[in-house]
Amino acid sequence: MIPVLAPGFLEWDEVDPARHPFDAASAEQVVRSLGPARCVPRRPDVAFADPVMSDWSWGEAKRWADAMSLALMEHYGRWAVGWRWSHDEGDFDGGPVGHWCCPRDSITTPEETLTRVVAALCEWRAWLESLAGWIEAYPLDLDTVEDDRILWDRAARNLILQVTDRTGCGSGWHGHCHQVLTWFLDRWAVTPDIAEELVDRAIGGRFLSWTGPDAALVDDVAERLAQSLRPADRAPSAESVPDRLERWLAVRESVPWQRAPGSGEDGPVTRSATARRRTSVHSTAPWARAGPAAC
């Protein structure tokens with residue numbers, strides 16, 4: 001697996017529709033203009049159980065799908081790699097996309113294949129826009145979390161239900177649910193590491209593949225998440241992060257370099273005799289010699 005092409009590693013800043021414009025009407029034209037669109041592999045005419053099919057699917061076909069993901073990412077941004085995050089045991093486990101499965105099942109003729117790519121890309125984007133709508137429906141602030149816990153609870157509950165509905169709770173669906181909840185906290189300024197930890201604790205390993213959570217479990221996870229939040233969980237703003245380069249430049253400007261002891265001569269600085277002697281000693285030491293002795 002190439003991490004940069006794996007949607008499970010996507011963060012909210014990378015998928016937030018407000019940050020990454022997309023025109024669904026031109027998606028087909030874009031997809032067909034990309035390099036991989038000109039060399040779609042053809043599925044071999046053999047049975048699915050034939051080893052030839054497996055070799056083709058995990059070899060040539062997978063390389064083509066990766067190339068298409070990379071091309072889409074370069075054009076639209078990293079969010080686009082989610083077009084292959086299919087339901088159940090597809091290219092990536094437990095995603096929300098129904099128009100794509102895996103190279104073996106989804107790559108057929110060039111025309112059909114490219115049509116599926118476009119549909120999967122638009123479906124993934126629509127899902128991100130839907131999620132953003134649910135997240136933005138509850139403008140939340142950590143400073144007032146004590147008074148607004150019921151709103152945090154309700155927002156988390158709705159997101160869980162959206163994920164269960166879209167993924168169908170098949171294989172690995174809980175991974176995406178965990179991700180969506182961390183996106184939710186990230187959007188409302190919770191520090192990423194803390195968000196990850198809080199979601200882990202709230203779910204507690206109780207979401208399972210091929211099993212949809214009952215209403216009581218959904219309510220409990222949402223409540224635990226909401227109750228665990230604190231104002232101190234806020235991520236530092238860009239303004240509060242010290243600019244180390246700026247501080248270094250200020251220190252450098254404040255030092256009276258012209259008063260530093262030296263030879264008083266203009267020109268480049270040269271090594272002292274002591275430094276030259278040290279260099280000579282180290283260069284002739286046994287551990288600096290090449291060959292077996294060095295090992």
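A salt bridge here is a side-chain nitrogen of Lys or Arg within 4 Å of a carboxyl oxygen of Asp or Glu. By that rule, a network of salt bridges links Lys 62, Asp 66, Arg 84 and Asp 91. The model is predicted, so local features need pLDDT of at least 70 and side-chain atom pairs count only at pLDDT 80 or more, while totals for chains, interfaces and linings use all residues. Residues are numbered from 1 along each chain as its sequence is written, and side-chain values use heavy atoms, with hydrogens and water left out.

**Salt bridges**

- Side chains of opposite charge can pair when their charged atoms come close.
- The structure holds 18 salt bridges.
- Asp 13 and Arg 19 form a salt bridge in which the closest N and O atoms are 3.5 Å apart. Asp 13 counts as partly exposed at 40% relative accessibility, whereas Arg 19 is exposed at 52%.

**Salt bridges between distant parts of the chain**

- Helices are DSSP runs (H or I, at least four residues), numbered from the N terminus.
- Arg 234 and Asp 141 meet through their side chains in a salt bridge of 2.6 Å, N to O. The two residues are 93 residues apart, with Arg 234 in the loop between α9 and α10 (244–254) and Asp 141 in the loop between α5 (110–136) and α6. Arg 234 is partly exposed at 33% relative accessible area, and Asp 141 is partly exposed at 32%.
- Arg 206 pairs with Asp 220 in a salt bridge, with the closest N and O atoms 2.7 Å apart. Arg 206 lies in the loop between α8 (192–203) and α9, Asp 220 lies in helix α9, and they are 14 residues apart. Both are partly exposed, Arg 206 at 30% and Asp 220 at 25%.

**Packing of α6 and α9**

- Helix α6 (residues 149–167) packs against helix α9 (residues 215–228) at an angle of about 140 degrees, and their axes are 8 Å apart. Axes are lines fitted to C-alpha atoms over the stretch in contact, and angles run from 0 to 180 degrees between N-to-C directions.
- Contact means heavy atoms within 4.5 Å. Among the residues that meet are Trp 152 and Ile 160 in α6 and Val 218 and Leu 225 in α9.

How values were computed
Buried means under 20% relative accessible area, exposed over 50%, partly exposed in between (1.4 Å probe, protein chains only).
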